[in-house]
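Below is a protein model, followed by questions and answers about how its chain is arranged.

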Amino acid sequence: MALFKKRFKTPHLSSLEEFKAITESGQPFLVDFYQHGCQPCQVMDGIVNEVAEEFASKANVVKANLESVPDLFYQFKVKSTPTFILVLPKGNQLHQMWRQSGLVKKNQIVDQLSRAISAT
């Protein structure tokens, strides 16, 4: 019997190609833009991991590090971390449904993801 549950880790984007593949899935997706050394980003890490695990079959939840995918930060005009952006792919376009920077309560993220799923 295991004393501790193995913690789910949110996938990290390492390239724009990975991001494009996620957009082609047709599912809503939440991107957690973060950078190393950011204290609020570290606080949000556990919450994002929980949300990613809960919505694994219904939506994509990914993390984007400033050092790994700076072009994605530029594309979404991310000025501070953490920033959360919820996107719905519609045809060849991406529709940004929700955006929030800083510390966010888990129930806010869950509510927004649930709305996005029901909109698809």
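Q: Where is phenylalanine 76 found?
A: This is a predicted model, in which local features need pLDDT of at least 70, side-chain atom pairs count only at pLDDT 80 or more, and totals for chains, interfaces and linings use all residues. Residues are numbered from 1 along each chain as its sequence is written, and side-chain values use heavy atoms, with hydrogens and water left out. Helices (H or I, at least four residues) and strands (E, at least two) are DSSP runs, numbered from the N terminus. On that basis, phenylalanine 76 lies in the loop between helix H3 (70-75) and E4.

Q: Is phenylalanine 76 buried or exposed?
A: Buried means under 20% relative accessible area, exposed over 50%, and partly exposed in between (1.4 Å probe, protein chains only). Phenylalanine 76 has a relative accessible area of 10%, so it counts as buried.

Q: Which residues does phenylalanine 76 touch, not counting residues up to four places away in sequence?
A: Contact means heavy atoms within 4.5 Å. Glutamine 96 is 20 residues from phenylalanine 76 in sequence and 9.5 Å from it in space, C-alpha to C-alpha. With residues up to four places away in sequence not counted, phenylalanine 76 touches Phe19, Phe33, Ile85, Val87, Leu94, Gln96 and Arg99.

Q: Is lysine 77 buried or exposed?
A: Lysine 77 is in the loop between H3 and E4. This residue has a positive phi of about 55 degrees although it is not a glycine. Its relative accessibility is 60%, so lysine 77 counts as exposed.

Q: Which residues are joined by a cis peptide bond?
A: One of the two, proline 82, has its place in the loop between H3 and E4. Omega is about -5 degrees for the cis bond, which joins threonine 81 and proline 82.

Q: How many residues of E2 are buried?
A: In a regular strand the side chains alternate between the two faces of the sheet. On one side of E2, Phe29, Val31 and Phe33 are buried, and on the other Leu30, Asp32 and Tyr34 are buried. E2 is largely enclosed by the rest of the structure, because its buried residues number 6 of the 6.

Q: Over how many bridges do strand E2 and strand E3 pair?
A: Phenylalanine 33 has alanine 64 in E3 as its bridge partner, and tyrosine 34 stands opposite asparagine 65. Strand E2 (residues 29-34) and strand E3 (residues 60-65) run in the parallel sense, and the bridges number 6.

Q: Which residues of H4 are buried?
A: Seen down the axis of H4, the buried residues fall within an arc of 165 degrees (taken from the directions from the helix axis to the C-beta atoms), so they line one face of the helix. They pack against E2, helix H2 (39-54), E3, E4 and E5. The residues are Ile109, Val110, Gln112, Leu113 and Ala116.

Technical notes
Two strands pair if DSSP finds at least two bridges between them.
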